[in-house]
Amino acid sequence: VQLQASGGGLVQAGGSLRLSCAVSGRTFSVYDMGWFRQAPGKGREFVSAIDRSGEITYYSDLVKGRGTISRDNAKNTVYLQMNSLKPEDTAVYYCAADPTTTDWSKGYSFWGQGTLVTVSS
């Protein structure tokens with residue numbers, strides 16, 4: 001399974017970005033998916049997750065109310081819409097597939113390479 005994240009970039013505080021993660025190699029619709037981020041000098045943080053049907057979603061308190069996760073199984077892609085961005089949202093954002101435990105904020109079987117989001121003040 002290969003995951004390719006995209007959509008990062010430089011945005012001003014208060015702006016929005018939509019991150020995409022294209023999945024190839026296996027049937028996308030069988031995987032529950034997650035987004036994580038890692039800021040410079042910090043550990044990896046859970047951001048959001050979505051089940052294989054797209055009906056169940058989870059958000060960390062870091063983005064709750066500002067982020068929306070979605071997926072298009074026909075396009076093998078999961079999205080993360082981020083609004084009202086803050087400088088502290090600056091990080092490399094990673095997508096991941098197939099949680100390895102029942103806690104979807106923890107480990108996943110497959111990871112993408114990440115896309116950098118920089119929020120200027």
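Is G67 buried or exposed? G67 is buried, with a relative accessible area of 9%; buried means under 20% relative accessible area, exposed over 50%, and partly exposed in between, with a 1.4 Å probe and protein chains only.

Before the tour continues, please note that this is a predicted model, in which local features need pLDDT of at least 70, side-chain atom pairs count only at pLDDT 80 or more, and totals for chains, interfaces and linings use all residues. Residues are numbered from 1 along each chain as its sequence is written, and side-chain values use heavy atoms, with hydrogens and water left out.

Select G67, which is found in strand 7. Strands (E, at least two residues) and helices (H or I, at least four) are DSSP runs, numbered from the N terminus. Leaving aside residues up to four places away in sequence, G67 touches Y59, Q81 and M82, where contact means heavy atoms within 4.5 Å. Next, select Y93 together with G67: the two are 26 residues apart in sequence, and their C-alpha atoms are 13 Å apart in space.

Now move to G65, in the loop between strand 6 and strand 7. G65 counts as exposed, at 80% relative accessibility.

Focus on strand 7 and strand 8, which run antiparallel and are joined by six bridges.

Select C21 and C95. These residues form a disulfide, with their sulfur atoms 2.0 Å apart; the term denotes a pair of cysteine sulfur atoms within 2.5 Å. The torsion about the S-S bond of C21 and C95 is about 60 degrees, so the disulfide is right-handed. The pair links distant parts of the chain, with C21 in strand 3 and C95 in strand 9, 74 residues apart. Both C21 and C95 are buried. The count for the model comes to one disulfide.

Select R66, which is found in the loop between strand 6 (57-59) and strand 7 (67-72). R66 is buried, with a relative accessible area of 11%. A polar atom of the R66 side chain lies 2.8 Å from the backbone oxygen of L62. With residues up to four places away in sequence not counted, R66 touches Q81, M82, N83, S84, L85, K86 and D89.

Keep D89 selected. R66 forms a salt bridge with D89, the closest N and O atoms being 2.7 Å apart; a salt bridge is a side-chain nitrogen of Lys or Arg within 4 Å of a carboxyl oxygen of Asp or Glu. R66 lies in the loop between strand 6 and strand 7, and D89 in the loop between strand 8 and strand 9, so the pair ties together parts that are 23 residues apart in sequence. Salt bridges that share partners join R37, E45, R66 and D89 into one network.

R37 is buried, with a relative accessible area of 4%, and D89 is buried, with a value of 1%.

Finally, select D32 and R52. Their salt bridge has its closest N and O atoms 3.2 Å apart. D32 lies in the loop between strand 3 (17-24) and strand 4 (33-38) and R52 in the loop between strand 5 (44-50) and strand 6, so the pair ties together parts that are 20 residues apart in sequence. D32 counts as buried at 9% relative accessibility, whereas R52 is partly exposed, with a relative accessible area of 42%. The count for the model comes to five salt bridges.

Technical notes. Polar contact = N/O pair within 3.5 Å; in protein donor to acceptor, adjacent residues only side chain to side chain. Pairing = 2+ DSSP bridges.
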